[in-house]
Amino acid sequence: MSYADVNGISLYYEEHGSGRPLVLLHGGLAGASMYAPILPELAKGRRVIAADLQAHGHTADVDRPLRYETLADDIAGLIGHLGLGQADVMGYSFGAATALRTAIQHPELVRRLVVISVPFRRDGWYPESLAGMDQMGSHLAEPMKQSPLYQAYAATAPRVEDWPVLLEKAGQLLRRDFDWSADLAKITAQVMLVYADADAVRPAHIVDFYARFGGGLRDANWDGSARSVARLAILPGQTHYDIFGSPGLPASVIPFLDADSLEPPAPIGP
């Protein structure tokens, strides 16, 4: 087991494969183990560093609230701890928000950014998704002990008794309003957005998100010379709750991560 002492937290991480580094960030209430179905494919030809964020997986909680901004600083600290200089960062949902904030707050550390199933503004979620987030809290600790999420938590958590604390902190985070519209301009990484075709994020918001990185604003031209550097993938037959294990996920993101250049070709002809 490997831990990085960063920002007052002992952050657990595990490494798979070798090559260009990819920092992989999990969803809420889960841990790095959620990527087990696709990890072998991601680790072909790259060094995958899968971290457990504060209070999740093997990483113990500390006396501070859960905030995407703080979690992003933790990931920046991990990149520094490992001496990576710069890394690709990929996250899903809770981890995608952390990845997004890492690219905003520490743009020099992120080469390419893969954002999976998260909005850049809170109202990007469907109303029913927001209603569920509003209900999250410690009062669900006992009922949720029957869930696979708790079973995975109990198998790895340093202090299993912190389960109600995690739910309470997660609820406080999920109820916070956020709008990172202006912050997106700070990102220097090349960006890929990935969603399920039946995601918890509204399609109109996805289109808006893509447009903010120059995507979908015009025809790419027959030679591709007018396309944007940004990428967008919509995985068919998936939902917000199973996209992270879909074989279509690595199949979509690996070409983005591996491409020598994402710049469009020069126009052909006069």
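A polar contact is a pair of N or O atoms within 3.5 Å, where, within protein, one atom must be able to donate a hydrogen and the other to accept it, and residues adjacent in sequence count only if both atoms are side-chain atoms. The model is predicted, with local features requiring pLDDT of at least 70 and side-chain atom pairs counting only at pLDDT 80 or more, while totals for chains, interfaces and linings use all residues. Residues are numbered from 1 along each chain as its sequence is written, and side-chain values use heavy atoms, with hydrogens and water left out.

Such a contact, of 2.6 Å, joins the side chains of Ser 117 and Asp 199. Ser 117 lies in the loop between strand 6 (110-116) and helix 4, where helices (H or I, at least four residues) and strands (E, at least two) are DSSP runs numbered from the N terminus. Ser 117 counts as buried because its relative accessibility is 0%, buried meaning under 20% relative accessible area with a 1.4 Å probe and protein chains only. Not counting residues up to four places away in sequence, Ser 117 touches, among others, Tyr 92, Trp 125, Val 194, Tyr 195 and His 240, contact meaning heavy atoms within 4.5 Å.

Ala 233 lies in strand 8 (residues 231-239) and, at 9% relative accessibility, counts as buried. The C-alpha atoms of Ala 233 and Ser 252 are separated by 6.9 Å, although these residues are 19 apart along the chain.

Terms used
Buried means under 20% relative accessible area, exposed over 50%, partly exposed in between (1.4 Å probe, protein chains only).
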